[in-house]
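Subject: Structure for your review

Dear colleague,

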Amino acid sequence: QPPNSDHLDYFLVFTIIRSVSIHVHYPANACLIPICSLYGAAVTTVEGIGSTKTRIHPVQERIAKCHGTQCGFCTPGMVMSIYTLLRNHPEPTLSQLTDALGGRLYVCTNLKLFSEEEFLPLDPTQELIFPPELMTMAEKQPQRTRIFDGDRMTWISPVTLKELLETKVKYPQAPVVMGNTSVGPDVKFKGIFHPVIISPDGIEELSVVNYTDNGLTLGAALSLAQVKDILANVILKLPEEKTQMYHALLKHLGTLAGSQIRNMASLGGHIVSRHPDSDLNPLLAVGNCTLNLLSKEGKRQIPLNEQFLRKCPSADLKPEEILISVNIPYLRKWEFVSAFRQAQRQQNTLAIVNSGMRVFFGGGDGIIRELSIAYGGVGPTTICAKNSCQKLIGRRWNEEMLDAACRLILDEVSLPGSAPGGRVEFRRTLIISFLFKFYLEVSQILKRMDPVHYPSLTDKYESALEELHSRHHWRTLKYQVSDPKQLPQDPVGHPIMHLSGIKHATGEAIYCDDMPAVDRELFLTFVTSSRAHAKTVSVDLSEALSLPGVVDILTEEHLHGINSFRLLTKPEKLLSTDEVFCVGELVCAVIADSEVQAKRAAQRVKIVYRDLEPLILTIEVMSSKVGPEKQISVKQERPSNSKWLPKNRGFAAALVHIYLDGSVLVTHGGIEMGQGVHTKMIQVASRELRMPLSNIHLRGTSTETVPNANISGGSVVADLNGLAVKDACRTLLKCLEPIISKNPGGTWKDWAQAAFDESISLSATGYFRGYESNMNWETGEGRPFEYFVYGAACSEVEIDSLTGAHKNIRTDIVMDVGCSINPALDIGQIEGAFIQGMGLYTIEELNYSPQGVLYTRGPNQYKIPAICDIPTELHVSLLPPSQNSNTLYSSKGLGESGVFLGCSVFFAIQDAVSAARQERGLFGPLKLNSPLTPEKIRMACEDKFTKMIPRDEPGSYVPWSVPI
């Protein structure tokens, strides 16, 4: 069944069943998988497993009823990931569940446990089967190369090795695509174009798994998920000393991307792409792995070494060659391998630095016979410390060797101060910190193998080998005690499911991209400045306007008199055609009959700039350029800015209709953005009208019904609009009081009909004019708000002082919400806000180029929390209710307020860093700025390695990024 949305977001996931000897289910990212690659596959989207029009699937029901959805945009991906897991593993472990959700990038939901009886049972016999027509097609249709021709490109899918080799001879420059996880993003985001793409399909020789006397041979077309499963099985079958390489590969495969990407990405594609921050290539390079190649000319084998990774012509694939398989040798006795990586986030993100290290002693004497060390993330390709390793051969494995190795490797694996990616001193420190960890790991194994000749590690060294706190997640939620005087049918104060929860889980919720185009609809794309501070010399629109479908291009001249906008601030210009003050400032706007054409035209607008002197780069620069008097005046300007703080008190309106069948329709001015305001409004109407929730319906916010609505923000949307709905309901009840008093035992249908017969209006508007404020914004005196929201959080963390990694072990949150209207929604808001705040204070870092370009503007650079960042234990409690008669049922608005609680993680890390520094004899003052990233944590934990790295003199290089 086709997906609901034309725009398939990152988390809408397919379940694909391949028609081979067995049917395999796996989730995949819709934004990456090419349609041409789906020939012969059965594709199931979230709408296909269940909907409100047919029946909902138990997975969809559980995630909705357990309050696992807020805005719902990422819910379909969660549903399909769990659905696929259950198809493959009907009784999954908690680890498998966590891993299945690992591709999800932001956690803003909470899950509550229900008893099993409250849910639809999971019945495997009712699941979708593989379509018989596809089975027949696979069995009877002759196997031959499939060719798909488009306007700009051709997709070729050979189905035999012979056809693949012939195709590669014919198109030697065409990329071979298996999972499209490398070529796809290049095409989509970098504008790289391939006129021909070759995509092998079901070629058995590319998916071999062979056990030899020397090692394991894996086919290049195996997905990384398949490789992960194969290695896990191999480890169970072979002696431990042979499988250290496989253990190390498994360690990296557990954090490499998410499960959806690992299901798509192939082993061969990962190797041949040779990304400089590849996690697997440094390990494979130190492990003496070899690549089996094939062409029309015959077979060839090349080593996976530094020359191959640097794409040296003599060590690379020839254009007509195909990577068939990879040989990964077993380890020998007295041979040890380890893998290391450090990233901005623990999982599903590219490493800042990674490494593979191998040592072979040949015997129990501790003399190095072979040593191989490779790093990723420290250069344009994977770097092997070949010369350093050669000089260390023959040395004994001790601290003197370690000290010499650190100095040699720092000299050989050198990073310039202006290296792309920045974090230069941090990366230099990681290079030798990883080496120290390897030294400790090997020393510990040697001690275990020969306790007589190798001393035990000291306690402080042993802690360096421990994994950061790793246990399964668990949480407790503590609601408020219900008022015993509350009527049984009154829903206020109860954990009612999000009104759109089921539709979120089935993919039926409508978002902007799901709305059908209207007749003659136009699309607008902005052209933005590429300079931080410049005068516009000329703007040439001619080429852009000549493109078909382009209607017009708006500039500052077109908006004379209306070229500004204001939101709680001074007015700002909308379009700046004459002078720009930041990269990304809006210059003009292209209007076209399609989004694609609007974007293409925007790229054709030619702007010539004349750069102006930068205003201020940093506070330090400002201080050096202005005198003390001006610095004082800058400081004195700050209080006067308070004049621009919001002075309105908030207002809201609502419209409530009662129909003759006894049902009710509610409309209000609040925007539903996941916080559950619509759900709360129905609860309010239910209480006021003493009517079951099932009788009350809600229409989406529209100015047709509620005009001039207040802004939805500041966590007061439910407060204000709830009081307006309450006002409308009470107006209706007052009008209907004579009717109800005549027939107190009647139903709403009876009362509505009687009111209609007596010409009594069954519609009412409600209005709330806002809380009274006695605040003097000029003097800063008075009481600006009706109430304050209070919260407290306590977090416990562990840090790795050698890498800067941290793990949030436990967080306890107590929140004052007054009398909660819906504790399930409120706790979801608290948890979501806390996770947002945790990201804000620990990983969400902004990096700007010296020219003012924001680097961190996409998921590759800007990191937000993932499931791995949730505290291992998370306990949320609502404070016992407090009464405040002026608010909606004594409730308090929630949302942004919980964000600040994320700083408890920041301060816990700061305490851990201080403890690490004190162990090293560092007792001076410590300044740590937010976000407290791995870089800041590691560099604050000063030790002999941070002192050993070379430091660049300020001004001797142009940094990749500047501190803001």
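Predicted model: local features only at pLDDT ≥ 70, side-chain atom pairs only at ≥ 80, totals over all residues.

Helix H2 and its surroundings

Helix H2 spans residues 58-65 and packs on helix H3, residues 75-88, at an angle of about 135°. The two axes lie 9 Å apart, and H2 and H3 are therefore oblique to each other. Their crossing is right-handed. On the H2 side the contact is made by Val59, Gln60 and Ile63, which meet Thr75, Met78, Val79, Ile82, Tyr83 and Leu86 of H3. By class, seven of these residues are nonpolar, two are polar and none is charged.

H2 is mostly covered, with six of its eight residues buried. The buried residues are Pro58, Val59, Gln60, Glu61, Ile63 and Ala64. Besides H3, they pack against helix H1 (46-49) and helix H18 (501-506).

Just after H2, the backbone deserves a look at histidine 67, which takes a positive phi of about 60° although it is not a glycine. Histidine 67 sits in the loop between H2 and H3. Its relative accessibility is 5%, so it counts as buried.

Helix H9 (residues 244-253) is largely enclosed by the rest of the structure, because eight of its 10 residues are buried. Those eight are Gln244, Met245, Tyr246, Ala248, Leu249, Leu250, His252 and Leu253. The loop between H9 and helix H10 (259-264) holds alanine 257. Alanine 257 is another residue other than glycine with a positive phi, here near 55°.

Helices H24 and H25

How do the axes of H24 and H25 cross, and what distance do they come within? For helix H24 (residues 717-742) and helix H25 (residues 748-757), the crossing is at roughly 100° and the axes come within 10 Å. H24 and H25 are therefore roughly perpendicular to each other. From H24, the residues Leu733, Leu736, Ile739 and Ile740 meet Trp748, Trp751, Ala754 and Ala755 of H25. This contact consists of eight nonpolar residues, with no polar and no charged ones.

Helix H26 (residues 823-842) packs with H27 at an angle of about 40°, and their axes are 7 Å apart. H26 and H27 are therefore oblique to each other. Phe834, Met838, Tyr841 and Thr842 in H26 are in contact with Cys903, Ser904, Val905, Phe906 and Ile909 in H27. The contact has seven nonpolar and two polar residues, and no charged residue.

Between helix H27 (903-919) and helix H28 (934-940) runs a loop that contains proline 931. The peptide bond joining serine 930 and proline 931 is cis, with omega about 0°.

Valine 583

Valine 583 is found in the loop between strand S22 (579-580) and strand S23 (586-592). With a relative accessibility of 25%, this residue counts as partly exposed. Leaving aside residues up to four places away in sequence, valine 583 touches Ser529, Ser530, Arg531, Ala532, Gln851, Gly852 and Val853. Its C-alpha atom is separated by 9.8 Å from that of alanine 534, a residue 49 places away along the chain.

Cysteines

How many disulfides does a search of the whole structure find? The search finds zero. Cysteine 735 illustrates the point: its closest cysteine sulfur, in cysteine 729, is 12 Å away, which is too far for a bond, since a disulfide requires sulfur atoms within 2.5 Å. Cysteine 794 is likewise in no disulfide, and the nearest cysteine sulfur, that of cysteine 903, is 12 Å from its own. As to accessibility, cysteine 735 is partly exposed at a relative accessible area of 37%, whereas cysteine 794 is exposed at 52%. Cysteine 903 is also one of the H27 residues that meet H26.

Yours sincerely

Note on methods
Residues numbered from 1 in each chain as written. Heavy atoms only, no water. Buried < 20%, exposed > 50% of the residue type's maximum accessible area, 1.4 Å probe, protein only. Axes fitted to C-alpha atoms, helices over the stretch in contact; angles between N-to-C directions. Helix = DSSP H or I, 4+ residues; strand = E, 2+ residues; numbered from the N terminus. Parallel < 35°, antiparallel > 145°, perpendicular 65-115°, else oblique. Left-handed = near helix turned anticlockwise from the far one by under 90°. Contact = heavy atoms within 4.5 Å. Nonpolar A, V, L, I, M, F, W, Y, C, P; charged D, E, K, R; others polar.
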